[in-house]
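Subject: A structure for you to look through

Hello! Here is the structure I promised to pass on to you.

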Amino acid sequence: MKIKVSRRAHFNAAHRLYNPKWSFEQNEEVFGKCNNPNFHGHNYELIVSVTGEIDPETGFVIDTKVLKDLIKSEVEEALDHKNLNVEVPEFKELNPTAEHIAVVIWNKLRPHIDTDKELEVTLYETPRNFVTYGG
Ligand code: NI
């Protein structure tokens, strides 16, 4: 029997959506206000879910304290109050869309989760826009 355990987290970050291969006009057309050269911020909401068997000794799939600390060290310390384009190495060459941020977060967390457990990341860029990545 597998069961999913989730932890919600939050971070603020700034970004600019921009494809350097395109003209400013084309970027403006595709990314609109998100192409603002002076960047803009989002209040990102993150849900990290781990699915696996319940450990018969602890009754846990994963200790939520462990998951909380992992999100803090791997995600919040790397992304919170950062300019993603400028300060986060993963986005030097990667457009920091919600899709790409979710994949980067998943890649940061995956090595720290037991291989027999599934990891899923849901990232809300706005209360209405969110993406989910499960590897
Ligand atoms: Ni944006």
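Let's begin with a definition: four donors count as tetrahedral if all angles lie between 85 and 135 degrees, while four count as square planar and six as octahedral if opposite donors are over 155 degrees apart and all others between 65 and 115; anything else is irregular. Donors here are N, O and S atoms within 2.8 Å of the metal (3.2 Å for Na, K and Ca), and sites may look incomplete because water is not among the atoms.

Please keep in mind that this is a predicted model, where local features need pLDDT of at least 70 and side-chain atom pairs count only at pLDDT 80 or more, while totals for chains, interfaces and linings use all residues. Residues are numbered from 1 along each chain as its sequence is written, and side-chain values use heavy atoms, with hydrogens and water left out.

**The nickel site**

Which residues hold the nickel ion? The donors are His15 (NE2), Cys34 (SG), His40 (NE2) and His42 (NE2), at 2.1 to 2.6 Å. The angles among these four donor atoms run from 88 to 139 degrees, and the site is irregular. For reference, ideal angles at a metal are 109.5 degrees for four tetrahedral donors. Along the sequence, the donor residues follow the spacing H-x18-C-x5-H-x1-H. Because His15 sits in strand β1 (residues 2-15) and His40 in strand β2 (residues 40-53), this pair ties together parts that are 25 residues apart in sequence. Helices (H or I, at least four residues) and strands (E, at least two) are DSSP runs, numbered from the N terminus.

Is His15 buried or exposed? His15 is buried, with a relative accessible area of 0%. The cut-offs are these: buried means under 20% relative accessible area, exposed means over 50%, and partly exposed is in between (1.4 Å probe, protein chains only).

**The strands**

Of its 14 residues, 10 are buried, so β2 is mostly covered. Two strands pair if DSSP finds at least two bridges between them. β1 and β2 run antiparallel and are joined by 14 bridges; Arg7 stands opposite Val48 in β2. β2 also runs antiparallel to β4, with seven bridges between them, and here Ile47 stands opposite Thr122 in β4.

Asn35 lies in the loop between α1 (24-31) and β2, and Asn35 is buried, at 0% relative accessible area. Contact means heavy atoms within 4.5 Å. Setting aside neighbours within four places in sequence, Asn35 is in contact with Arg16, Leu17, Tyr18, Phe24, Asn27 and Glu28. Asn36 lies in that loop between α1 and β2 too, but Asn36 counts as partly exposed at 29% relative accessibility. The C-alpha atoms of Asn36 and Pro111 are separated by 35 Å, with the two residues 75 residues apart along the chain.

**Helix α4**

How does the span of helix α4 (residues 98-109) agree with what its 12 residues should give? The expected span of a helix is 1.5 Å times one less than its number of residues. For α4 that should be 16 Å, and its end C-alpha atoms are 16 Å apart, which agrees. The buried residues of α4 include Ile101, Val104, Ile105 and Trp106. The buried residues of this helix pack against β1, β2, α2 (64-79), α3 (84-87), β4 (118-124) and β5 (130-133).

**Salt bridges**

A salt bridge is a side-chain nitrogen of Lys or Arg within 4 Å of a carboxyl oxygen of Asp or Glu. How many salt bridges does a search of the whole structure find? It finds seven. One of them joins the side chains of Glu118 and Lys2 (3.3 Å, N to O). Since Glu118 lies in strand β4 and Lys2 in strand β1, the pair ties together parts 116 residues apart in sequence. Glu118 is partly exposed at 42%, and Lys2 is partly exposed at 47%.

Lys108 forms a salt bridge with Glu90, and their closest N and O atoms are 3.2 Å apart. This pair links Lys108 in helix α4 to Glu90 in the loop between α3 and α4, 18 residues apart. Lys108 is buried at 17%, whereas Glu90 is partly exposed at 32%.

The side chains of Asp114 and Lys117 also meet in a salt bridge (3.0 Å, N to O). Salt bridges that share partners join Asp114, Asp116 and Lys117 into one network.

Enjoy exploring!
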